[in-house]
Amino acid sequence: MAHLICEVVYRGIFQKNLASRITRGIVLSARKAGKWGIAFGRYGDSPQRNGIPAKDFAIVADTQEELEQHMARYEPKELHVTICVDDTLCKGVESWAWYGLQPINRLLLPNGHLLVSSTQSAEELLKDAHKKDAPYSLWILPGKASLAGLWVYKEDHTEVRVLGALAKIAPKILSIEAVAEAIREAEWGSDLKVESARKAYERIQGRPVKITDGNPETPYSFQMPKWWEMREGVTIPSLPIGKPIEGGEGYRPERSAVFKKFSTRTMRPVIDFDTCVKCTLCWLQCPDSCFDVTPEGLYDANMEACCGCGICEAVCPVENCITMVNEAAFDDNASQWEMWRKDKGAYKAWLGAKITDKVHVGRSHGFRYRGQYEEELKAGELELGGAALASGIPGENADQKGLKPNVHEDKSSSIVTGVAEAPGG
Amino acid sequence: MTVATQAAPAAIQEQEMLISGSEAIAEALTLADIDVVTAYPIRPYDTVMQAIAKKISGGKLVAEYIVAEGEHSQFEIVKHASTVGARVFCGSSGVGWAYAMECLVVTPALRVPMVAMVGNRALDDPGAFGVEHNDALFVRDLGWLLCWIDSSQEALDTTLIAYRVAEDRRIFLPIAISADGAFLTHSQAITKVPSKSLVDKFLPPYHRGDLQLHPDNPITVAPQVNEDWVIEIRRQNNAATERAYTVIEEAYADFRRVFGRGPENPWFEEYMTEDAEIILMGMGTLSLPVKVAIRKMREDGKKVGLIRLRWFRPFPYEQLARALRKARAIGVIDRDYSFGSPFGSGVVATEVRAALYNAEHRPPLIGFICGLGGREVTLEDVYKTAEICYSAAKAGKTERATYWLGVRE
Ligand code: SF4
Ligand code: SF4
């Protein structure tokens, strides 16, 4: 009797199709060895919302009865493998509704496996992933987060590379031969993809994570109220109004202590307070009221609230005043304005380093302009998740922001790259 | 995508697919070669819409796919299409189904054999997606035939059976197939998909005969009437509903003959009831945790069984009274509510209680409201129901008629 329970933690919309291919791939591979399986997603809105952490699951077992035994129909409580297809999710997962921040390794069984697709080192990832009270293994699949969209799929082989790696992690359940066969038969499969899966299988290595390793912070959580404690009439109280920041100056809106949004973020804005002209546009346009108004009339994006949508960058009229940077380049949510006013020189150096950080470049929010998809996929090293970005990357965005109008007009042949909301309801 | 076919009686004529309950319904609709389908998005019904759209765009199904501007029109369109002789499909969820209510009401009286899927969803407010059965239960008194399914396989099979039953001239009534949101509509399981030639042996074409709206058959449908006519029309509908007891049994028998699988008893699934002291009951996917819990409880010597109702309308009251005659206590788990009902019970518990009123053996019956809004029915919840049933069996009476389980209190 043997079974395997896996989850895929992914970004809503951007990786919805990727996650579903992986979980289907797991079940179809296991079926090759006569096993039974089921693939399903955690229900709710997350898969349909840009960037919101979401989950898909695959459970396989030797017999149907054993499968039923482990088939929690909502969310498995214990997992053998967590597959994290965007390394910034290692900072924790807060889903659509109020669940608190859940460590990426929360559901892993002792000696379970965390498989992360990342260009970061294990040390860097373990600064993000919370400490766990049981040892587990960390496996890094070298590659960028494969962010695409609802209507487009990024054929960078991530799905098959994950399956290949999984065959190394759980060879008793998923042999690499079964994986290869399932990939070949899949409507999205090919011989080249089988090769990619095999390469990942051969190259991937795990490393042990001790109970002393990891981010020591306690993730925020809260107690759900009892039925008789809840307000009647399906009502929730509003947040109180905000307060000045200091000396009666500035303004900081009150924010929910139990529902933050930062785990949705794959990029964050960094702000050059020295070039800001205080036009208020970022503050007005931010859909999440993230900006605190500082006593001197600057705008400081609050990193507990920011979901990383990039609108502030797009509306800021000053070139390179707001720049979106890969979230992986940061280890905390500290205020940039506090840093700036403490030491302006040091802040300038920090800001410059973030903007030009080439280790963490290659982050996009799905696609940021027409034609980026083609650019990214031009013959590239698949081990690194596709070709290096030529433009549209942090620090090099100015020409994509409309400052040089019509620059992409000629790419009318490119596919639709905008990320659409899912059908409503 | 296909994987190795398992040896089965009709092995050559069936292939395996990894599909969700919604996709399984779309497979069945393709095999049934439907003519008209209408769509208006609401989760989880939208998953069926998408699966059918893919079938049509992939050239696997030729049908009119009409996106309506709301659920009311959605059901109106297929109602009319059916009267001119089209095989139709439609569906919705939660308040979308409620928005179609005016049309749902008239469909049985017009004897329209529409097959609909209700992706069960909690009614607003609060806006939520999780499963509750109250949406489909809206129409339980109106002449709709109602059934619940619990797997992708059953979704596919029941859709075929539903057309066969609905389009039987003795019936000509609409059928709603209920599928639990998330647990069934969004879970992909390995499912046997039969060939079209096999399905053709089971499902004859739809002929509306003298009721068909056609220039060669001039009729008026749905005239306004006064009090001289209504009760007779209701009486006709009642007769058709009663005939469904026979027609459904015939359809399942034929299904077994053609496909070499399918249940002996169309009305409900019995799991380990043979020697059961306690019989738990429910509808839809809660069968899974209940079965797993029963297997665990049996290891401890507790003789618990499950009756999972498939058909709620017509309600198999005689069959149930027979199946329950040896139980020492009955626990009915309702994924619905009926505020202010007798004993504050859910809908199914109230119906089962009524079904047993004339029975010789009337064991204590306890209702459990559980799993509302998509809350998981846990193994612990099921152990609790069995425990409460055991104490009622011992006492020979019910302390309390209804319990709410899995609520934060
Ligand atoms: S990226 Fe900018 S606009 Fe978007 S949420 Fe963050 S601060 Fe607000
Ligand atoms: S949009 Fe740019 S310039 Fe305007 S207030 Fe914000 S940061 Fe300053």
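Mentor: We shall take the ligands, the sheets, a salt bridge and some backbone details in turn. The model is predicted, so local features require pLDDT of at least 70 and side-chain atom pairs pLDDT 80 or more, while totals for chains, interfaces and linings use all residues. Residues are numbered from 1 along each chain, chains are lettered from A and ligands numbered from 1 in the order written, and side-chain values use heavy atoms, without hydrogens and water.

Trainee: Which residues surround ligand 1?

Mentor: The shell, counted as residues with a heavy atom within 4 Å, includes A:Cys286, A:Cys290, A:Cys306, A:Cys307, A:Cys309 and A:Cys312. Also around ligand 1 are A:Pro287, A:Phe291, A:Ala301, A:Gly308, A:Gly310 and A:Met324.

Trainee: How many of the residues around ligand 1 are nonpolar, polar or charged?

Mentor: There are 10 nonpolar and 2 polar residues, and no charged ones. Here Ala, Val, Leu, Ile, Met, Phe, Trp, Tyr, Cys and Pro count as nonpolar, Asp, Glu, Lys and Arg as charged, and the others, Gly among them, as polar.

Trainee: And what surrounds ligand 2?

Mentor: Its neighbours include A:Cys276, A:Cys279, A:Cys282, A:Cys316 and A:Cys321, together with A:Lys278, A:Thr280 and A:Tyr299. That shell divides into 10 nonpolar, 1 polar and 1 charged residue.

Trainee: Where is A:Thr280 placed in chain A?

Mentor: A:Thr280 lies in the loop between strand 8 (267-271) and helix 7 (281-285) of chain A. Helices (H or I, at least four residues) and strands (E, at least two) are DSSP runs numbered from the N terminus. The phi of A:Thr280 is near 75°, a positive value in a residue other than glycine. Most residues other than glycine have a negative phi.

Trainee: Turning to chain B, what is the strand order in the sheet of 7 strands?

Mentor: The order in this open sheet is 4-3-5-6-8-7-13, with mixed pairing. Strand 4 (64-67) and strand 13 (311-313) of chain B each have a single partner strand, so one side of each lacks a neighbour in the sheet. Two strands pair if DSSP finds at least two bridges between them.

Trainee: How many bridges join strand 6 to strand 8 of chain B?

Mentor: Strand 6 (residues 115-120) and strand 8 (residues 175-180) of chain B run parallel and are joined by 6 bridges. Within this pair, B:Asn120 has B:Asp180 as its bridge partner.

Trainee: Where are the cis peptide bonds in chain B?

Mentor: One runs from B:Asp124 to B:Asp125, with omega near -15°. B:Asp125 belongs to the loop between strand 6 and helix 6 (134-137) of chain B. Another joins B:Arg313 and B:Pro314, with omega about 0°. B:Pro314 is in the loop between strand 13 and helix 11 (317-323) of chain B.

Trainee: Finally, how many salt bridges are there over all chains?

Mentor: The structure holds 53, each with a side-chain nitrogen of Lys or Arg within 4 Å of a carboxyl oxygen of Asp or Glu. One of them joins the side chains of A:Arg21 and A:Glu159 at 2.8 Å, N to O. A:Arg21 is in helix 1 (residues 16-32) and A:Glu159 in helix 4 (residues 158-169) of chain A, so that the pair links distant parts of the chain, 138 residues apart.
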